[in-house]
Amino acid sequence: MSLLWTNHSVLSEQRAERLRLAFAAQLEAAQVKIVQGETVPALRVAIEQTPTQIVFTATVPGEGSTSVVIEEVPRADTGIETAAGNSVRLEKELMWQQGTKILSAVMLAWSTPGEKRLAVLTEDALQIYANGAASWQLEFTKALPGPRQPLRSARGQLMIAEDSNGRVGILLPGRRCEASAADESAVACANLTTDWPSGRLMALPSCGAQTWWLKSDGVDWAREDRLFLRTAGGGKDAAAVAELGVSGPVISISAGEGSGSATVVVRDLSSGNYEVYRVGVACGD
Amino acid sequence: MRCIALGWPAAIKELGFAVALCCATASGLAGAARPQYGGVLRVDLRTASVNLNPAKWKAGSADFAANQRLAELLFDRLVALDNYGRFQPQLATEWNHDGSAKRWQFTLRQGVKFSDGTTLSPGDVVEALQPLLPRGMQVTASGGGITIQCATPTADLLEMLASGPYFISKDNGSGLLRGTGPFVLESVSATARDADKAGGDGTASPTQRLRFRFNENCWAGRPYLDAIEVTLGVPPLKALLDLQLGKTDLGELSVDTAKRAQQTNLKCWSSAPLTLFLLKFSADDKPGQEQRLREAISLSVDREAMARVLLQKQAEAAASFLPQWLSGYAFLFDAERNLERAKELRSKMPSSLAGAVQPLRVTVDANNELSKLIAERVAVDARAAGLTVQTVKGGARTSNDAGPKGDGEAQLIVWRYTSLSPRNVLDSIGNTARRQASEAGVPLDAGARYAWEKRMMEEKNLLPLVAVPDFAAADGRVRNWSPSPWGEWRLADVWLEASEASAPRDAAGKSSAGARP
Amino acid sequence: MSFRTKLFLLFLVTVLASVSAVTYSVTHYTRAAYEEMDNQRTTALVSQFQKELAQQREIVARQVENVTNADVTLKMAIDQTKPDPDQSLYVRDAAGAAQEHGLDFMEFVIADGTLISSAEYPARVGYKETWVTSGKDWNGSEAFLRRVELPNEVAVSLTAVRTQPNVAKPFYTIGGRRLDEKFLGSLVAPAGLRALLYLNLDSSFVPSDVISSSEKVEQAEKFAPMIAQLQKQPAPLVQTIQWTNDADSAETFHALPLTGRNGELLGALLVGSSRADLVHLTRHVMKLAGAVAAAAMLIGLLLTWWVSARITKPIEELAEGAREVAAGHWHTRIDLRGQDETGQLAAAFNHMTQTLSAQRERLVQTERVAAWRELARRLAHELRNPLFPLQITVENMQRARQLGNEQFLEVFNESTATLKAELANLNSIVNRFSDFSKMPPPEFSRLEINDVIRSAVRLFEPQFHAVGKPTITTEYFLKDGLPEIDGDPELLHKAFQNLVLNALDAMPAGGTLTFRTAETQSGVRIEVSDTGKGLTPEECSRLFTPYYTTKQQGTGLGLAIVQSVISDHRGTISVASEEGHGTTFRIELPRRQPGVAPKKTQAALAEEDPAKASAETAAAND
């Protein structure tokens, strides 16, 4: 028979394709030959979704009737999807994503060349990841001292100095904290009220002496946002020299490894995952 | 005001530059992306009355939506479902069940208080939940949580608890219900009901106002808004006008007004198809002939045209009881019109059969324009097959009302999907069809459920027609509004644009201008 | 019928005829004038309706043109020319356009006839309206009447269709206004007229489809025949409808059919004109005529009375006078009045009575002389007969004196016998005359004449059937129930006896004696008929003269006595006879005798005192 496969769920096309291949292989193993053509009976498999399930529906035409098999898989069990990225003048690279909320993130250059650290601030902890062989590996989780922030309005901003040597600054409502990314020492906080950054000043000497502000569009968190690169000093009405669309609202913009990059946390609206991007300025081709 | 933040605390040397740049640019920069506290959100709702006591809600009723939307402001559930299919902890932080999914245990969040300051206890949860749970479920307090014992495997318990009426509320002894939600009902317009009944078992008459103020004791933190003012009984067209004139911030729309709103600069939203229109026939079992008539009518109705043309592509043809977004397999049911087959069935009917000579009377709610339009379309489609259907205006008909009286009658009923559990929804719809008591409950397994639904469809007591989404539009200053596809508005997360938002107020109404979160 | 009555009737008839003629003329011309005026008003109202309809046609056409030319419609039409256009966008637009332009119906139809938007029946969107695509050159056409299907009813609409001129594919705008009470309300009907509208939406008559701009139409089912006729043949029609039994409830309706594009009847304008005014006017005229007639009758009565007083009274007096004369009062005179005809008539009458009176005197004297002569002759004749034998006998006796004593004695005895017989005869003759001369006056009493006749005839019964004598058959045709009359039973008895004797004498060979009685207007009639030899006319005329007889013997007093008795009873007797065929005596007696208190009849007396009655009867018979 032929195999007709449709995907109307949140599963990515790549994943759906992988599933199809796996399914076809299972059929072959069960002595069912898959061929192309309209003259043979068609096994139709549709991947649909409900609020909580991914629904696989297979229909096989028989003599005078159609057999239907339906299977459901909780969406929460489908795991993390990888998403493709786009290359633009502003380039982004997905570094990390997770389902739980990320308030802010920064990329830390490390003393060991090639090593990097990724500091991820959640509502109640600072997580330090190290880039391993295949992916980021969690090194430390440091709980944030003090009362837990309200879920709804939890916010935080990570800041880092270029020569901080692994120290990360954490801006929390009404507090400023400091933590080390190199060891498991606790986070130390002090009360401080200061302004919160909403963008990152970037410069790339290879692109010239100008500096830019990297900011987001500023729309609400229920919509997809855009990153804009505007010339510093040009004001908010200045035209953007570069734009980059992201798949959801920008949660924070923090420092990157160098002045030419930033670490942007975005919440992907289609998956709900919090994604950490390295956004860099590229000029030329 | 924005400032550069390159690093902290070692970036002192750049601090001066940063401060200078910060000050230079402070005045001209917008800080719009950050939520702001304060402001009163004005909401226009279509329904003329609401009931904020979940125990009084009827499954499938059209009023359920508005009741639930406002109840969300006052109460919380044990769990919530996000837009990504993940159950999020609410009043319950953890849960597990046994292998058969009959026994569920929930760990309650600690330190949660009701709006009157009393602490939430497992006993409160038991008292609130037990009357709401279906038969066969028993909830008991256990340690720091509760246990729900089900008579049958209930793998979809979370779907149930995350939707429907399963809010946790507490009667403070004088008939008033208190909740743990982000808002407290402050007042209902005095002409309707005694304002003292606010927050409780109160209903409000048409065009009345309800005012909800923020609850500073809310376990999830106070909401961004100071208050929400809800006006009831606002027709969709007026709501659209109010939105355009700036008299309201969020308005409930209809099929045709949603189309118009899309042509403006309002933020428009539509849900998944949540309201099902279906024909309900007399529950008496008739041999053969009535079935043929019902089948003929079902085949004559052009659901696709109804959804695509008549409802301006804002609806979905419904060939099954569960919509595609809820079951995932609705596409297996055929919604195709078959006029030839309908005519063939008509020609085989005796002339004395209702519809062939005497018009089949379909009772429709006189106050629901959409119902009337759909019923009229059914009549037009049926006429093309030689069947005479006549619409008759009646009072509001819900699934819980008595069925059509006598032979030759049907009614167009409006069914609201009020549960995220497909099994639960199908079970409720099955009760509407007054199926024989010997019929077993809806199975949990999707394949078995599909077969069950198929059998119920074949009985032809109910004929699904179209499913229509909810529509709403919000003014541009409304931010962070992300309603769920199944109709939850989640107003607690909304905040208003700075020009309208005032400085956040505490519970005493004192301004704390300049305060930062 | 008296002259007065005749005169009155004549006057009445004349008056009634005149009044009727005038009434008829007045009513006829009034009705004609009314009808003419009514026609004019109705024509004016119909004309007004037609103008209003024409105006509405223009308005509707213009409004539909405005909709067609609107930017929104143009955009809609342009969008339809694109490949795979989204028709769902416009589903609600027709309702908005209709409301904006004040139309009741509005539809948009694309080139293939698919309805993409409908104000009145949105549920039909997506279906085809083939009638509009089959039409040509809609832009040049005027608005027309059309049947419009709605969700729960059918209506009639004044519809115009326009096509969008600026696009390649036809795009139809169909708009209209409903023909209903509001449309009727635009007509201003004068007093006494009303306009109704019948919407012909069903093959049979539906009473509720008769509509009025103001009140509900009562008894609409009475329009059924008119509408049925219109449905058969849509042409103007006039009919009168009577709403109640009262004539003034009638209303004349002029029906103007309203047809659609294809000539089908979609409705009818019914202009009703009340006939109440005419009926009232007619009634008023009739009442007036009645009053005039009544007055005329009264005047006629008075006039008749006065006229008759002047004319009929004298005539009545004359008539009365004549009656008096007939009754025997020959000296009746009428008072002379005036020199006119009635006066002349009265004078003539008086002269006549005077002459009659004188002539009667002479006649009476002549008759009396004649009667004396006859009596003398009869007496001489009667007396001569016995006197001759007396003379002979005496002569014989004288001669016998010469004879011997024995012979003389024989002759003497024979002669004295003869003398005695003849003297007895003479005595009898004298007695009869004496009886006749001293017939007593009648003593009246109430009697049954039939009884008198029977009792009189009974005495002769033996003679009728005597052996050796010819048979006399008696026949009685005595009417039962004859009224009692005043009469002297004895005298009448004697009179009937004389008649029977007379009849017997007339039938020597036998025959039939017939008695008939009958009631007359004034009394009774008795007829005695025989089948004898009859009488000549001369004999008839002298029959009742005393001593006149046709018999060889007899005094001739019998019939005279009969006549006397009858005369005493104030009756009349006459004879009818024909030679060889018998004779009939007819007696008429009055019922009552004036001024006389009659004695009771024997029967009445017998009832009271049978002994006394029989004694009186015996005394009377002696």
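Residues are numbered from 1 along each chain as its sequence is written, while chains are lettered from A and ligands numbered from 1 in the order in which they are written. Because the model is predicted, local features need pLDDT of at least 70 and side-chain atom pairs count only at pLDDT 80 or more, though totals for chains, interfaces and linings use all residues; side-chain values use heavy atoms, with hydrogens and water left out.

## Where chain C meets chain B

Let's start with the contact between chains C and B. Here 16 residues of chain C touch 18 residues of chain B, where contact means heavy atoms within 4.5 Å. The area buried between the two is about 1,500 Å², and carbon and sulfur atoms give 49% of it. Buried area here is the accessible area (1.4 Å probe) that two parts lose on being put together, summed over both. On the chain C side, C:R92, C:A123 and C:Y127 supply 39% of what that chain buries against chain B, more than any other three residues.

The two chains also share 3 salt bridges. A salt bridge is a side-chain nitrogen of Lys or Arg within 4 Å of a carboxyl oxygen of Asp or Glu. C:E149 forms a salt bridge with B:R383, and their closest N and O atoms are 2.4 Å apart. By class, the side of chain C that touches chain B has 9 nonpolar, 3 polar and 4 charged residues. For these classes, Ala, Val, Leu, Ile, Met, Phe, Trp, Tyr, Cys and Pro count as nonpolar, Asp, Glu, Lys and Arg as charged, and the others, Gly among them, as polar.

## A disulfide in chain A

Searching the whole structure turns up 1 disulfide over all chains, a disulfide being a pair of cysteine sulfur atoms within 2.5 Å. It joins A:C177 to A:C189, with 1.9 Å from S to S. The link of A:C177 and A:C189 is right-handed, with 105 degrees about the S-S bond. A:C177 sits in strand β12 (residues 175-180) of chain A and A:C189 in strand β13 (residues 188-191) of chain A, so the pair ties together parts that are 12 residues apart in sequence. Helices (H or I, at least four residues) and strands (E, at least two) are DSSP runs, numbered from the N terminus.

How open are these cysteines? The cut-offs are simple: buried means under 20% relative accessible area, exposed over 50%, and partly exposed in between (1.4 Å probe, protein chains only). A:C177 is buried, at 0%, whereas A:C189 is partly exposed, at 30%. Over in chain B, B:C150 is buried at 3% and B:C218 is buried at 7%.

## A look at chains B and C

Chain B has 13 helices and 21 strands. Of its 517 residues, 58% are buried. Among contacts in chain B between residues at least 6 apart in sequence, 71% join residues at least 24 apart.

In chain C, helix α14 (residues 558-568) has C:L559, C:A560, C:I561, C:V562, C:V565 and C:I566 as its buried residues. Those buried residues pack against α9 (405-437), α12 (489-506), β16 (572-578) and β17 (582-590) of chain C. Just after α14(C), C:R570 takes a positive phi of about 60 degrees.

## Salt bridges within the chains

The structure holds 48 salt bridges over all chains.

| Salt bridge | Closest N to O |
|---|---|
| B:R377 and B:D381 | 3.4 Å |

A:R148 is exposed at 53% relative accessibility, and A:D124 is partly exposed at 33%.

B:R377 and B:D381 are 4 residues apart in helix α11 (residues 369-384) of chain B, so about one helical turn separates them. Both B:R377 and B:D381 are buried.

As for the chain C pair, C:E527 is buried at 14% relative accessibility, while C:R525 is partly exposed at 27%. Back in chain B, salt bridges that share partners join B:R69, B:E252, B:R416 and B:D470 into one network.
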